[in-house]
Amino acid sequence: MRTRDEIDAIYKTSRWAKTRKTVLARDYYLCQECKRRGIIQQGNTVHHIIELREDISKAFDLDNLETVCLGCHNMEHPEKAGGKRKAKRNPNVIKFYRNNDFNI
């Protein structure tokens, strides 16, 4: 597990600033978590799907980054608001959301 100082240092680099802008532009500044639920919501936070504490080598991996809104980011990290830490996501589990385009 990485220390908070190690992780915070990444966010202060020009490389992170460029990566962040790339992800926001790629996702059209839309929250990807809301979008999966059929909601269009502006996002301005770039979220690491696999946390840096677990794998710091994924810090700049575009496949590990997504744009999220503040509400969704707080749901992913309830400990930052004084709540209990969320259970770790199992990498072998895939989330599926209902697609309203098909009425089956």
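## Basis

The model is predicted: local features need pLDDT of at least 70, side-chain atom pairs count only at pLDDT 80 or more, and totals for chains, interfaces and linings use all residues. Residues are numbered from 1 along each chain as its sequence is written, and side-chain values use heavy atoms, with hydrogens and water left out.

## Overall architecture

Four helices and two strands make up the secondary structure elements of the protein chain. Their order from the N terminus is α-α-α-β-β-α. Helices (H or I, at least four residues) and strands (E, at least two) are DSSP runs, numbered from the N terminus.

The protein chain has 104 residues, of which 28% count as buried. Buried means under 20% relative accessible area, exposed over 50%, and partly exposed in between, with a 1.4 Å probe and protein chains only.

Contact means heavy atoms within 4.5 Å. Taking contacts between residues at least 6 apart in sequence, 59% join residues at least 24 apart.

## Thr19

Thr19 belongs to helix α2, which spans residues 14-26. Its relative accessible area is 10%, so Thr19 is buried.

Apart from neighbours within four places in sequence, the contacts of Thr19 are Phe60, Leu62 and Leu65. Leu62 is 43 residues away from Thr19 along the chain, and the two C-alpha atoms are separated by 7.7 Å.

## Cysteines

A disulfide is a covalent bond between the sulfur atoms of two cysteines. The criterion applied here is a pair of cysteine sulfur atoms within 2.5 Å. By this rule there are zero disulfides.

For Cys34, the closest cysteine sulfur is in Cys72 at 3.6 Å, which is too far for a bond. For Cys69, the closest cysteine sulfur is also in Cys72, at 3.6 Å, and again too far for a bond. Cys34 counts as buried because its relative accessibility is 6%. Cys69 counts as buried because its relative accessibility is 10%.
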